[in-house]
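Look at the sequence and the model below.

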Amino acid sequence: MDFFEAQDRAKRNTKKLVFYYALAVTGIILSIYIVTLIFFNSQFNSEGGMFSFWYPGWLLTVAVIVGVIIASGTLYRVSQLSKGGSAVAEMLGGRKVNPSTTDSNEQRLMNVVEEMSIASGISVPDVYVLDREENINAFAAGFSQNDAAIGVTRGTLEQLNRDELQGVIAHEFSHIFNGDMRFNIRLIGVLNGILIIHILGMLITRSVAFSGAGRVSSNRNGKGGNGAVAIILFGISLIVIGYIGMLFGRMIQSAISRQREFLADAAAVQFTRNPGGLAGALNKIGLKSNGGEINDGHAMEMSHLFFASSFQSALNRLFATHPPLEDRIKAINPSLADSKPKKRFAAGETQKEKISGSEKKGGGILSDHAAITPEVILGAIGSVGKRQVKAASHILKEIPPPLIEAAHEPFSAEALMFAVMFEATGNRPSDIPEWFLEMSDSGTVKEVSRLMEYLKQGNRSWFIPLVEIAMPSLKNMSEVQYKQFREGMDILAQKTESDNLFLFALEKMVIHQLDAFFTEKRKPKIRHHRLKPLGHELSVLLSALAYASGNEAEKAFRNGLKPIDKFIPESMTLLPESKCGLLALDRALNELSASANPVKKYIVSAVIHCITADKIVTADEAELTRAITEVLGAPIPIGVIQAR
Amino acid sequence: MVASIIILVIILILIGWSVGIYNKLVSFRNRFKNAFSQIDVQLKRRYDLIPNLVEVAKNYMKHERETLEAVIQARNQAQQAEQNVAGQPENAEAMSNLAGAESQLSGALGRLFALSENYPELKANQNMMQLSEELTSTENKVAFARQAFNDAVMNYNIYREKFPNVIFANAFGFSEARQFTVDSPDEREAPKVSF
């Protein structure tokens, strides 16, 4: 199963969820309808006729009211959480880790997260620490990899060693790539909607019991008292109905969640090739009497978000959102457990099995000797291997510390972005352009030139990782500051020479994510479900790539069409260079990014076929592909497309 | 019956609405708290740099003891104020104390740098050059982070003061936050050192 299929599977699961949700709501409506008939039957059977269960008008009323209440509960929570992973993390009481932190535990955490991000080719997510939680647990939240947040408890920070921490973080990253996060947020919404009935029942019972209790006795005996009692009983029924609804909700939550935890564990082992780390973390959780328990009030409804069970229930088997720890350890590392290993989830040596196994994701992790074929690259999207993690950690060590420090701090991160762009203009010796000197203050200019000195020592393989590391710091700018930053980037884009695809790619990477963040348009609207209407955009994209790939533009273009020619009947031709300039390419990319997953898969496949047509991948091609896949939301791990 | 259900629904909507305002307030407050942590790191770095700088300057500026001591004293006060603010940037009083202490410190540093013009050997000292360079770059970072913080505080305050949010804000204990403004003119421009 590849990246796109995993994302789609998450969507199918959502459909399943909607079905269960509808079922639960219907059940609740019917129960409340019957309860109201029982408690308030006098109003319905006033004519003294037979007790009947059929009052269509009343049923409709109940259905509408209950439906509206549940829906508003769900929508409220979903809208609250749709602000992205940070909203979830803050709701759980998380504190954002400052990338330039001086705390050594936090530094280690940032290093591990940065390594994993660079390895998998996504921007570094916001990292949160739950200061109040002493047990070991972690979570990932957000709608897409662009607004993801990763949170760990203080216990995780203090009690795990680096390998174990890496295992946990890899587990969370695989949730990001599996599209689990979006699904998880919807699940929280659904649970909240059902929970509201329960809360409503409590409110009714309490308010009547307190305000009504005094009055009941003094009432002109009879009706009023009965009414109050009936209302209390009605409230209690709501509590019970809501509770039963919650039980069903939990069952849905746990059924879907448990299976995904196994998948994420398997992926984490595949990412790090170190079953010991993850197993060690699970083991440490198991050794604690209260496991991974989270004390925050939201722990229960968000239980499926966490690395390990965040609450303990008496009916553990039925409602556990996570498989038992022993089973997970056994699945990861059979040698650590006494009983027979479960082959299905066995890791490490059964790499091949995983690829063929229907439940496994990330088929094509590059082994050391794999030939670079389009299929291999496609399979590697949204996945990481040990080799990538190593390469990432190597790059992080190679980049001079002042540059990394700069990326960790908003002011210098901003300067760093300009420094990187100016270095990428390709002029030697590179210089700060006149327009920039005019628009910025002396401090910024000084910082930019200082950073450029360091960048000159290195090569362009540093640039993309630096952009990825700088992303959380850049998000710390205020709206006003971002506007200024964006102005600079716009001027830069205008001045970019049309053949400098690398600079274009870098700019696109920065702007694409930050725009999404600052305009708060987190969820890209999907407008295209078919490839056919995208013919023009595809020709622009493939033509631009074809020219970048060298002399045989026509051949590269044709090769790019191979995987998609079934879907595009009109004969597409290589556009002249003037028609696929940066402006056209930019527009085409924006349009293409609004397509559904299956369509994206073909686009990415075409892109990869195009650049590999001549078996030589130039640096320009590699970087441009990185930027394109970034915009399309399909991260390619580092080093998979190797420039030679 | 129907009437009571309608009332119930209205009550529910009101509760939901106020919870919404509450959550929004919390998220605005979180935003400027995060922004302050950015300032905080740089302020701390600055407080660490200043004693070193004074130590180097001491060797050359033998007759400027008072100025040097004033810098150290202002630095200690500012550090104290910063520690008071760190956990609770929403505390307006602590924030204004910090702003005051920072203004003092900037003034004292400004005088030190002005006097250092008279000591060409100090200006030529490698350590001094490096330290003041670092100090300037830290000041720039502080200024940038402070702008982000002030913008975040402004957004919070504007949201807080809107009607009816202000009623909820007062009821929930969301007091007006204070911007971090340093009024010393020297501070606006980071201390200019022309070595």
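In this predicted model, 24 residues of chain A are in contact with 23 residues of chain B, where contact means that C-beta atoms, placed from the backbone, lie within 7 Å. The model is predicted, so to speak of local features requires pLDDT of at least 70, and side-chain atom pairs count only at pLDDT 80 or more, while totals for chains, interfaces and linings use all residues. Residues are numbered from 1 along each chain as its sequence is written, and chains are lettered from A and ligands numbered from 1 in the order in which they are written.

On the side of chain A that touches chain B, α3 (56-81), α4 (85-91), α17 (410-424), α19 (442-457) and α21 (479-495) of chain A each supply at least two residues. Helices (H or I, at least four residues) and strands (E, at least two) are DSSP runs, numbered from the N terminus. With five residues, α3(A) gives the most to this side.

Chain A also has an open, mixed sheet of four strands in the order β1-β2-β4-β3; two strands pair if DSSP finds at least two bridges between them. β1 (95-96) and β3 (138-141) of chain A are at the edges with a single partner strand each, so one side of each has no neighbour in the sheet. β1(A) pairs with β2 (residues 126-130) of chain A in the antiparallel sense over two bridges, and A:R95 stands opposite A:V129 in β2(A).

Elsewhere in chain A, A:V420 is in contact with A:L455, A:F463, A:L466, A:V467 and A:L506, leaving aside its neighbours within four places in sequence.

Conventions:
Two residues are in contact if their C-beta atoms, placed from the backbone, lie within 7 Å.
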